[in-house]
Amino acid sequence: MAAEVVVGALLSASLEVLIKRMASFDVLEFFQRKRLNDKLLKKMKLKLLSADEVLNDAENKQIENPNVKKWLDELQHVIYEAQDLMDNINTRDLVRKVEGGSSTSLKVQNLISTAFTANKKVRQKLKEILDRLETILKEKDRLGLQSGVRNIILPRTTPATSLVEKSGVYGRDADKEAIMNFLLSDVGTSSQKISVIPIVGMGGIGKTTLAQLVYNDDRVKKCFDYKVWVHVSEEFDIFRITKVIADRVTGQTYDGQDLDILQVRLEEKLKGKFFLLILDDVWNEEYTSWDELKKPFESGACGSKIIVTTRNKGVASVMRDVQSYQLGTLHGDDCWKLFVKHAFNNVHQPSAHPKLEEIGRKIVHKCQGLPLAIKSLGGLLRHQLNPEEWVKILNSDIWELPIEKNSILPALWLSYYHLPAHLKQCFAFCSMFPKNHKIDKDDLIKLWMAEDLIQPSQRKTIEEVGEEYSHELLSRSLFQQSKGSGQSIYLSMHDLVNDLAAFIGGEFYLRWNDGDSNKPLSKIRHLSHFRVRDDHHLLKYENLVGAKHLRTMFLCSSYYSDDIQLQKSFLTLSGLRVLSLYGNPMSKLPDSIGNLKSLRYLDLSLTKIEELPNTVCTLYNLQTMLLRNCSMLKRLPTNIGKLINLRHLDLKGTYHLEDRMLIGMGNLKDLQTLSYIILGKHGGGCTIKELQGLQLLRGSLRILKLENIVDAEDVVVANLKDKQYLSDLEYDWTWSSDYDDKCPPKHEEVLNGLQPHTNIKFLKISFYRGERFPNWVGDYSFGNLEQLSLFGCNKCCLLPPLGQLPFLKQLEIEGFDKLEKISDEFYYGRGCSMVTKPFRYLESLQIVNMRELQEWSFIGGEGVEPFPSLKKLCLRYCPKLSGGLCLLDTLETVNLRGCNKLEFPGKQCYASLRRLDIMSSCDFMTSIHLDCLPMLNELLLGDLQSLESLTFLERPASPSELMFLRYMELHRCPEFVSFPQGGLSAPNMQELWIVGCNKLRSLPDRMHTLLPSLQSLRVICCPELESFGEGGLPSSLDKLKLHGCDKISTSDFQNCNVHTLTSLTELKTVIKDEAADSFPKEGMLPTSLTQPSIQSSPRLKGLNIRTLSLKSGHNVLQ
């Protein structure tokens, strides 16, 4: 009945790949062509299979037996060498296919021959590998490694029970209440039979502890008839789990072995009863097993609950029917309290041992909020008051700690143990990266590809399989995820998980960031250095020639690697598969890079390279070339079309390439990533026809200099309509002030031929010079299009029927110089009236720089409702657009700028509006009724020539009329004279800026009560201002800036009770009170002030420096 967990040893996947490679057509054909005896291959295969039989046992024993770890490392080293041999044989065959008998081919093969391609050397190398395998296999018997161990068995830990020491738990109150709310919110009222909530998080984060806290809460005892705790662990034994539950619920022990009898008894006992079941530490991902277990639970009362604790989101997705609860790490002082409890034994006070406290806080920081690590390390130091011992713990990695007292490594090792063999390889590779390093998920997948760590699939691309790998490691809580700019996703590891990866990687991985290492360079296969310039590491770069077996080299450092040094390194590192020189200030890549025949991944991003040498085009294994943000790069090699295995060419941010950059790229049939292409002039350079055979292109593609297309038929040949994997497309014509006179009359034909596949999600068209758009722009068949941008199409006088696009969410239209009117054609095409809700899902609409636009008519009619989902409206620089602005009830943000003739609707309530930004617009608007904007968060008003006041249509009955307003700006409103009568009621407002309001005489009344949350007040260049308003300033004020308000006197400061503002820390003002002797007087300013900056006019007799200096050490201007 137990669900079997399919796991495998780390090296099993490497052996599987190697054996498949040995049996590949290329290798066997090489042996036949060279008349080599393949018996050596067969013999090596048998020995490798013999080693494979004991790998599960060896992987289990390596934690406690360092000799087993060394044995595994020796076997890995031999596997690496055998893989290198097969790789070079494949590379020879690849060169032969690409070059044939050309002179280039002879040069390339000569380079490879220097290693071992001669028949004798191949035979000799095979014999060396066999001899070493023989020695390794003999050693396995001495170590007692057993074959046939199907699954690795870890030493059992004590099962967690339901008991918890509440006084030893810190920082989990909010988590506990969140789970309690789930448990108690619908007991007795839910229509759902059973609700299952998984608590998910990495090993040692406190999932079980949280479940224990909930289980023992008094409120649980009152609400549930039964509550049962089951520690499940790795083996999901349905009979055992059911028996534990049944014995607890029935109060009787069942001694039989019949699951049916057991489930029937349990079902009868639970019938109509509320129960809470905790399933702790679940690893099972099989739905059928879970479905079988839960059958008896269905008889329970509606509102019964099950809590599952697991590290694996895959487990959670199988069992849950509500959102999983992702448990985070502990923070700040809670970590320290937990450490103190275990390290100081509640006997010693940390303050009595300041040296230990200093080291202890560093140890706690090292644990990064992981409770198990904090407890474990604290326990190791429990009876130790010697600072040197504490320093040893601080500087130790987790595998260096005493095993018998170390609960961290077994807990994390369990997560690793449950990985399939291929994922273990991918996880170990991540030990390349230093702690706290974040890597782009897509880049990591490309690195795995380059290292042959991804198993190919017939129905999926290797990138899609890699995506599944990354998702699996993330779901198992070994990765942490964060979002970058755009759609980028970054992955990282907790520091202790990083330590585990480093332990797994062993002697084959070297991170120079971690300081000097005793690892011999001759055994290193993967090397990384991410440090900034540091002369201490110069010698290390010079010693790279000693690392002859390197597969991976990350030199992502600002240290300048000169051409001669790299030249030497490239001559010796012929087995390199990954090379990253990211961020290196080098300006030239040596020709010797052509020696790296096994290279699959090359990253030159953020370098200062001006051109790539032609020898790059002989790297026929190359899959990925990253040239992001290479600001100096102007030329790519002319024979780039020979890189037949290239899948990713990323040129984002590299904008100075010549238009001859990608001649021959049509040969790159496997190309998936191509940031952009630049079309050449007069038949020279790259043509759009090169895209014809690139059917696998995916992601984003930008096509520049479309004006260089001479024959519109070439666009049809490019066949963009069938490129189903492209999601983002940009079509760019070049803008020029005299372009209209030179433009060939083919823009409409060209754009018509550029019709993309209907899978497209993002489309941008820039500087198109046709008078109208082809029919496909706006066609309802583009059901996946979510974002559309039309920019600088200054000959178009008619918009396409974009309202027909069923799922368009964002629309930007800018720079249509000839467009005078937006009318019905914008909403649907000719003869099409079936669209009752044009722009049904549009959320953001921006119309910018439409100099001639005068009229925008909203279609009407029975049942026709345009923009039913619009949340953001931006109208900028449409100086001739007139009439009343129609604001929809759904709008949350409105931005108006440079729309002088628009009329802002004044008396309608906009209950959804959160942000209103009006600048240099609505010239005839004299007031804004704030009670029409009850949900407003931000109000920005500037350069409004007629605005006189902010008012209420009706005086609010409650002083909390603007509950959500937090930020307000008034800029350069020359006629503005008043705030609402009685004051501005905004209890949550935090910032208020008033600038250049020449006629304003008073700030809002009653600010001390109506603006109780105001923290920052800035009033600048308001020459008529003479009052802080009735009641004075609020006590919450932290910053006050007052400049250019000459009528404010020293007595006004005193009358508004500035001295009572106990939160005020920063004051910047200019005093021009001719009647005052000095400022400030004793007691006029609050004692909290730390940053006074006060300027005085020449007529003021003096500043009271002594008073100010008592409050601040800062200089005060006079």
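I started with β9 and strand β10 (residues 489-492): four bridges join them, and they run antiparallel. Strands here are DSSP runs of E, at least two residues, and helices are H or I runs of at least four, numbered from the N terminus. Two strands pair if DSSP finds at least two bridges between them.

Before going on, I noted that this is a predicted model, where local features need pLDDT of at least 70, side-chain atom pairs count only at pLDDT 80 or more, and totals for chains, interfaces and linings use all residues. Residues are numbered from 1 along each chain as its sequence is written, and side-chain values use heavy atoms, with hydrogens and water left out.

Back to the sheet. I looked up glutamine 480 and found serine 492 of β10 as its bridge partner. The open sheet has three strands in the order β8-β10-β9, with antiparallel pairing. Its edge strands, β8 (439-440) and β9 (480-483), each pair on one side only.

Next, helix α20 (residues 421-429). Nine of its nine residues are buried, so the rest of the structure largely encloses α20. Buried means under 20% relative accessible area, exposed over 50%, partly exposed in between (1.4 Å probe, protein chains only).

Last, leucine 370. I found it in the loop between α16 (354-367) and α17 (371-380). Leucine 370 is buried, at a relative accessible area of 0%. What does it touch, leaving aside neighbours within four places in sequence? I got Met202, Gly203, Gly204, Ile205, His494 and Leu496, with contact meaning heavy atoms within 4.5 Å. The C-alpha atoms of leucine 370 and glycine 204 are 6.3 Å apart, though 166 residues separate them along the chain.
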